[in-house]
Structure formats: structure tokens, C-alpha cells
Amino acid sequence: MNTNWQTKKELTDLLSKLVEFESITGSPGEAAFPEYIQYVLNQTDYFKEHPEYLSLHPISDGRRFLTAFVKGNSNKTLVLLSHFDTVDVRDYGELRHLAFRPHELTDLLQEKKEWLPDQAKQDLESGDWLFGRGTMDMKAGLAVQIGLLSKAMEETFDGNLLLLAVPDEEANSEGMLGAVHVLSDLKKSYGLEYTACINCEPMFTKYPNDPDYYLYTGSIGKVLAGFLCYGKETHVGEPFSGLNANLMVSKLNEQLELNGEFCEIAEGEVTPPPTSLYQKDLKEEYSVQIPHISVSLFNVLTMQRPISSLHQLLLNSAKAAAKEAENHYIKRAESFSEKVPYIPEPFSINVLSFEELFKLAVEKAGEQEVERRIANLETEAAGDTDGRQHSIRIAAELAGLCKEQAPMIVLFYGPPFYPAVSSNEDPLIRHIANHVSGLAMDKHGISLKRQVYFQGLSDLSFLQLNDSKESLAKLTESMPVYNRGYSLPAKEIKELNMPVINIGPMGRDAHQWTERLFLPYSFEQLPELLESAVKEFFKYGVGTE
């Protein structure tokens, strides 16, 4: 068998085919894509001879992920992780029909250079960049991994390679959550020793036009913090007879939006501050009744902070927002009372976690009634699989059941949750990072800088779980859909506890219509660096037994 997908041209051709098979998250193309990878790999002699090593695995919603196992000379095994879904292409506007045709898109942009920002125009003119959705994030990484797998079929490495290609990374990581179980099963079935997981997510710039190259020894965590604000309904003609939930949610935004108190600093790296991803009141129609239920969801990134500490910080912010809303209301009420014979009554806004709200609901109505109400919501929402919306519905239902607690702010968590992971202190990972950086500099003059946390979020999050069970419970007990359609395979993750590293291609503008891949590094230097890293993994591992 001739080794496939080793040259820049062969990898570029493979990438183009992978990109042309569109696989937007949640689309029929995403559901069919793993069959296409299976078809590509089935063309090799190795998988013709060993079909049992190439498998498709279903997840709960019917989508599938792929594993491809190439056996080496020991039980030591490296997992090569990638995702094959992409974000939507609406941002391409009139070029949408070419978003998945990288060569045609790149050629057309040569005629439409004036459409491009300056940096993208310079890159285009160099002739070294390929434009298109998925070229950077992350089908280039998948292409390089397939090339490495092919090399191992022919050469026989000192350990095994296990390609794991999953769907849904751009949304809820359902593919990786399902894959955790299969990794555990394969470990037992084949007697594998997982040495590490190598992800090939692309480098993310730290600032616009950042020229540096990076590798990562971990991946940032993410919590989706939700706040349900439950006020008191009233007619707009009598606004001081109620409390507008939009007032409460606005004070929450002031407390949380870009609040540097939530930023963590680790190894000189800083998490971005929280920002609101979703906000609305729950009125379903226009009327002159004030909105008395509103919700806001915040993206909060983590590195080393325990969930229990973050949970308390979020509660403290909600309490501060509650106090601000109370003060605002009383100040305006006192001003109004100067105009009419009205005496404002003092009040306070309760701040609860969803866990506390659930217990209050059970005390009031009984667990059977609470579960019946939640089951009814699931029935009413048949076909709506969005765990965030279902979380909001459950929180609102139980708040309505306990409306004597109003006005209140309820802290809850929505999916997905990404645990922060880091192998920066792992001797093996540090050795590999130094080895790859040294090779990049010595042979190619490239300064490959080590970052502890990949800040773009990745499926590496589900290969380690460093928080204590008690700390993690602060999140799971206040997640309305936990074990109701969403769960974290905590036991399996802790058992895997795999060292991680991300060595990926060079590109720019992920999730933008100017997404593009730098071909010389991605398909010339990177394959060499990745192969050397793999061999060093096995060499170092054997030498330290």
C-alpha cells in the first residue's frame, strides 16, 4: 500500500473533500459525515484487512461518531481527537453557496478583494491561504490526523493510534460525552493504556492580527449561569403595585457584564470576563401587564477556580443586584409619593439557587407533584431539544409554584458545561511540548509558544475532571435538566483522567466568513511536528516504565 495523505497537495485535496461534505451542527450533513470518513478510510488496505478496527457509534439522538484504531507494538495508545461539525454559513451572505467550496471561494475572492478586511486581503494575495467554512475549524486538523493514521498503517509505531472524530462540538458536545463511554469500553476490550490525547484544534489568536504560533496543554472551562428574575405582575397604570422583572435583570447585567472579579489569572493567562449570551422576558404576547418573569444567561469561563467558589461568587452578584433593584425601586417610589398620597412599603428580593427552589417546591407540593409538572413541561415541549430553553421552563414553573417567595432571583445552570482541564504540570506533556517547540524552532525557525489553556473551548474538557464531587454538585444540583436529558459521565471521565495536549494548524477568523487556513504550516510543518510528537510520546513513555 502506498502511504496516502502525506504531501501538502494530498492533504489539501483531502481537506477540500472534507469541507465540501458540509456538516453544519444539527444538519443531515453532520449526521452523514462519519460515514464519509469511514468510506475514505475503507479505501486503505489496513482497514480492508482489519474492518473490526473501524467503527461508527451512535449517540442518544441518532448521530454518530467514528473510531479508527491502528495497532502498534505495545498497548500504549494515543487518542487523536477531532470534531467534524461546523457552525452555520449565514454570515457568508451572497457567498453562502461557496462557503463549502474552498478553491472556488478563494478564487472568487481574488476578484473581490475589496470585500475583504486588510489582513484577509494580504493573506489572500500571498497565495498561501485557503478560505472556507471548516478549513480552519477544524477539518484541517482531521485531515492531518488521517494522514498520520495512514503513516502508522505502513510504518508500525511503538504504540497504538485511536482516531476519534465526533459531532456536536460547536453546540453541546454530545458526541464527546457519548465517546467517553466508548473510550472506557475500548480500554477494557483491547487492554489499552491511554498515554495521552492529542487534539488538533486550530491555534486561536490572542488579539487581532496576532502573528504568534501556539500549542496548548489544556483547555478552558465554561459554565452557563442562568438567572430567573421573578417579580410581581401589575398593570402599567399601577406600576408601584408590582415589580418589573426587567428591572431586576438589568441590575444583574450591570453586576455581571464584563465584571473583572470573575477573571482568573493562571500562568500569566487571563480568562475573559462574563458576558450575556441570552436575555428576554417570558411574556408571550404584548399586553399592558408588566413583564414579571425575565431571564438572562451568562457565559462564564474558568481555569482553576472550583465550581463551589464560582457558585458563591454568582450568588453574591445576584444579591448585589437584588439590593440595587430594591434601592432603585424605593428611590423612585419615594419620588412618586411626593406627587400623590402614597406611602412606599419596604420589601426585599430573595436570592435562591435552583437547588434551594426545588427543595421549597417539594416541601410545598410534594416530590410527586413537582416531578409531574416537570414531566408535563417535557410533553408540552415535544420536539424542542434545547436544554437551555427547557432549563428556563422548569425554573419558571417551580418559581411560579413557590411564588410566595417572590420577588426572587433564582440562580440556575444550563448546558453545556465544560470542565477546565490542564496537563501543564504533567511531566510527559511538558516534555512533549518542549520537544515539539524545540523541533519547530531548530528545523523551521518557528517559535511555537506554549499556552496552558486553549481558550476556544474544546472536547478535551471531557477527559479530566479535577473538581471535587462536593464542589461539582453545586452545579449539577442547580441544573434543572441534569439527568433529565443532560448529564456528565463523571465516573468514566475520572477513570480516564487522560493527559491532554493540543497541537493544531494555523488559521484565522474561526466562525467568521473570512475563515481561512495557512497551508504551508498546516500541511508541511505540522504533520512533521505531529508525527515527531507521537513517536516521542511512545519513546518517552516506554523509557519511563
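Hi everyone, one definition before we start: the helix axes I'll mention are lines fitted to C-alpha atoms over the stretch in contact, and angles run from 0 to 180 degrees between N-to-C directions. Keep in mind, too, that this is a predicted model.

Let's begin with helix H10, residues 354-365, and helix H12, residues 387-401. Their axes lie 9 Å apart, and the two helices pack at an angle of about 45 degrees. H10 and H12 are therefore oblique to each other, and the crossing of H10 past H12 is left-handed. Who takes part? On the H10 side we have Phe354, Leu357, Phe358, Ala361, Lys364 and Ala365, and they meet Ile394, Ala395, Leu398, Ala399 and Leu401 of H12. Sorted by class, that contact has ten nonpolar residues, one charged and no polar.

H10 has another partner, helix H11, residues 367-380: here the axes come within 7 Å and cross at roughly 115 degrees. From H10, the contact uses Phe358, Ala361, Val362 and Ala365, while H11 brings Glu367, Glu369, Val370, Glu371 and Ile374. This time the count is six nonpolar, three charged and no polar residues.

Now to the core. The largest nonpolar core has 181 residues, and those with the most contacts inside it are Leu41, Phe47, Leu161, Phe227, Leu314, Ile409 and Tyr521. Helix H9, residues 307-337, supplies the largest share of this core, with eleven residues.

Let me finish with Phe227. What does Phe227 touch beyond its neighbours within four places in sequence? Its contacts include Leu252, Leu256, Phe298, Ala318 and Phe412, along with Leu314 and Ile409. Those last two, Leu314 and Ile409, are also on the list of core residues with the most contacts.

Terms used:
Residues are numbered from 1 along each chain as its sequence is written. This is a predicted model: local features need pLDDT of at least 70, side-chain atom pairs count only at pLDDT 80 or more; totals for chains, interfaces and linings use all residues. Side-chain values use heavy atoms; hydrogens and water are left out. Helices (H or I, at least four residues) and strands (E, at least two) are DSSP runs, numbered from the N terminus. Angles under 35 degrees count as roughly parallel, over 145 as roughly antiparallel, 65 to 115 as roughly perpendicular and the rest as oblique. A crossing is left-handed if the near helix is turned anticlockwise from the far one by less than a right angle, and right-handed if clockwise. Contact means heavy atoms within 4.5 Å. Ala, Val, Leu, Ile, Met, Phe, Trp, Tyr, Cys and Pro count as nonpolar, Asp, Glu, Lys and Arg as charged, and the others, Gly among them, as polar. A nonpolar core is a set of buried Ala, Val, Leu, Ile, Met, Phe, Trp, Tyr and Cys residues joined through side-chain atoms within 4.5 Å. Buried means under 20% relative accessible area, exposed over 50%, partly exposed in between (1.4 Å probe, protein chains only).
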